[in-house]
Amino acid sequence: MKNYFYILFFIPVFVKAQTTFTEHVAPIIYNKCASCHHAGGIAPLQFTSYAEIKKNIGMISMAALDPKNKFMPPWMPDTKYSHFIDERVLTDKETEAIKTWIEGGMVQGDIAAEPDLPYFPKGAQLGKPDLSVSMKESFLHKGNNEDEYRIFVLPTNIKEGHNVSAIEIVPGNPKIAHHIILGLDTTQFADGLDAKDEGYGYSQYAGFGFYPTYYNWSGWVPGQKTRFFPDGISNYVLPNSKVLLQMHYGPTPIDAWDSTTVNVYYSKKPVDRFLKGWVISPNDIKDGPFFIKANTKPTFHAQYKVVGDYSLINVTPHAHWLGKKWEVFAVHPNGDTTNLIRINDWDFNWQNFFSFPKFIKLEKGTIIYCNVTYDNTEKNYRNPNRPIKNVAWGESAKDEMFLFYFSYVDYKPGDENIDIAGSMNSFDAIYNAEKKCINVFYNLAENTDVIIKLCDAKNKATNLIKNKETEIGKHGTLISTETLKPGTYWCKFSTANYTESKKVVIP
Ligand code: HEC
């Protein structure tokens with residue numbers, strides 16, 4: 001008998017896998033920055049290639065990696081407090097990966113591994129709209145490096161009202177479109193304001209200059225994805241109404257023209273609930289009046305008691321330049337607390353409506369606490385008043401506001417399980433080396449025919465999948481790559497109204 005004697009060595013091998021641009025950094029920056037930092041986008045620099053990112057790495061470190069002064073990507077809500085759809089944040093892991101890459105000498109890596117740039121939609125993302133209203137003439141935003149706030153009145157010219165399952169805003173010039181808020185109105189009031197102001201539209205810093213029928217009908221910010229409401233839930237468009245398009249044009253050194261379009265999609269399915277809205281205002285402040293004395297930093301505390309069982313969908317805090325901090329939470333009748341939103345450094349320029357990934361149930365009797373801090377001192381570099389003065393409520397940039405809008409529907413059992421984020425078109429294709437196949441995932445916002453093609457570098461289709469009458473919701477399918485040569489392929493996804501393609505590298 002032989003004796004076998006095993007000695008197990010454990011040899012520690014410190015292999016520091018190299019962090020490369022194509023494999024580690026490009027996916028982060030392309031997904032988290034390029035939506036604004038691309039040739040047609042709102043941001044001043046482009047981050048769409050190795051060379052562009054390497055050249056600007058000093059600025060990128062300062063703006064996005066340095067915890068002391070990072071302000072990119074722009075995202076106000078504190079992600080340690082609550083979460084929203086389409087959050088624009090770099091995670092700690094992503095920040096570390098970029099830092100490691102810089103320390104390692106910014107190696108480019110295998111060019112074939114570089115991911116495709118994401119899809120920057122131009123035109124309608126959700127397909128053919130039922131109603132499309134556009135600015136009737138192009139508007140000139142002057143190249144004077146200043147912000148401009150302008151309202152355009154767009155008649156819908158419809159004689160009947162409709163249930164609406166999505167509202168999509170297509171900015172005519174994404175290089176200057178900083179944010180857009182829509183109202184809907186049935187009076188002639190806005191036409192009067194337009195007539196009084198020279199040129200197309202009228203200038204108005206915040207709000208619409210009056211209270212329209214529907215204040216917060218919809219909105220848009222750069223990089224935002226448009227979604228259909230979950231089944232059975234609807235907004236509406238009124239007969240003979242006008243869309244009020246409030247445009248914030250960002251600063252530009254050269255003259256720029258814009259003509260923006262609003263696409264409206266009518267509900268194709270039965271509707272049992274309509275979107276409702278409410279606003280918490282200075283009427284709800286417990287320690288008012290709402291008046292901000294010079295050289296003070298007051299916090300106002302408002303409370304609002306919910307009058308029915310609600311499913312909360314989104315929130316829109318609104319203040320001007322003295323606004324600093326927001327903390328809003330709900331205390332349920334059983335004493336439980338749900339955090340809604342915290343903003344540690346309010347910035348008027350990045351206001352938005354923030355949508356929860358799932359409905360938040362607010363039972364009748366829930367109290368929403370809304371605490372807002374203002375800074376009316378010289379230290380607040382955004383303070384528009386020099387010298388510092390007392391500030392009261394008003395619609396001009398030098399006045400202040402305290403408004404917390406929220407949208408909800410009446411609660412229905414099961415709302416907790418509805419995936420609000422899912423109600424949009426999306427597509428992804430990922431190579432699975434182990435199984436020798438491509439995993440294709442897609443989500444449909446409407447019932448539609450689907451075509452998925454895998455094309456080689458010469459655009460020749462090596463694989464074709466056609467799915468007729470595919471249902472709303474998430475789907476997955478596999479494409480075997482066993483017979484394919486190594487190389488770069490494109491997986492192309494299309495429905496009647498939507499196309500997207502992803503690069504897939506088979507090693
Ligand atoms: C939602 C749009 C948006 C996203 C996403 C975004 N940026 Fe920006 N970025 C801007 C705008 C607009 C400016 C111009 C200054 C401003 O408005 O704050 C800017 C400015 C910058 C600047 C400074 C340029 C200067 O001249 O000072 C850097 C650097 C920058 N961004 C890096 C990034 C990085 C890195 C990311 C991703 C991690 C990112 N940004 C994501 C919109 C965006």
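This is a predicted model: local features need pLDDT of at least 70, side-chain atom pairs count only at pLDDT 80 or more; totals for chains, interfaces and linings use all residues.
Let me begin with K453, which counts as buried because it has 20 C-beta neighbours inside 10 Å; the rule here is that a residue is buried if 20 or more other C-beta atoms lie within 10 Å of its own, exposed if 12 or fewer, and partly exposed in between, with C-beta atoms placed from the backbone. Residues are numbered from 1 along each chain as its sequence is written.

K453 is placed in strand β25, where strands (E, at least two residues) and helices (H or I, at least four) are DSSP runs numbered from the N terminus. Setting aside residues up to four places away in sequence, K453 touches A461, N463, L464 and K492, a contact being two C-beta atoms, placed from the backbone, that lie within 7 Å. Between K453 and C491 there are 38 residues in sequence, yet the distance in space is 5.7 Å, C-alpha to C-alpha.

Staying with β25 for a moment, the loop between β25 (448-455) and β26 (461-470) holds N459, which has a positive phi of about 65° although it is not a glycine. For context, most residues other than glycine have a negative phi, and most peptide bonds are trans. N459 counts as exposed, because it has 9 C-beta neighbours inside 10 Å. In strand β26 itself we find E469, again a residue other than glycine with a positive phi, near 45°, and E469 counts as exposed with 8 C-beta neighbours inside 10 Å.

Let me now step back to the whole chain. The protein chain has five helices and 29 strands. Its radius of gyration is 26 Å, close to the 23 Å that the globule rule gives for 507 residues, so the chain is as compact as a globular protein of that length; the radius is taken over C-alpha atoms, and the rule is 2.2 Å times the number of residues to the power 0.38. Along the principal axes, the C-alpha atoms fill a box of roughly 95 × 55 × 55 Å. Of the 507 residues, 34% count as buried, and among contacts with a separation of 6 or more, 78% come from residues 24 or more positions apart.

The domain assignment, which is an automatic or database one, gives domain 1 (21-113), domain 2 (131-274), domain 3 (278-400) and domain 4 (425-506). The centres of domain 2 and domain 4, taken over C-alpha atoms, are separated by 35 Å.

Next, the ligand. What surrounds it? There are 20 residues around the ligand, and the closest are C33, C36, A63, M72 and P73, where a residue is near a molecule if its C-beta atom, placed from the backbone, lies within 6 Å of it. Helix α3 (residues 57-65) gives the most to this shell, with four residues. By type, the shell divides into 15 nonpolar, three polar and two charged residues; Ala, Val, Leu, Ile, Met, Phe, Trp, Tyr, Cys and Pro count as nonpolar, Asp, Glu, Lys and Arg as charged, and the others, Gly among them, as polar.

Just after α4, G105 takes a positive phi of about 95°.

The peptide bond from R386 to P387 is also cis, with omega near -5°, and P387 lies in the loop between β20 (367-374) and β21 (391-392). In strand β21 lies A392, which counts as exposed with 10 C-beta neighbours inside 10 Å.

Residues up to four places away in sequence aside, F300 touches I285, D287, G288, F290, V372 and F402, and the C-alpha atoms of F300 and I285, 15 residues apart along the chain, are separated by 6.5 Å.
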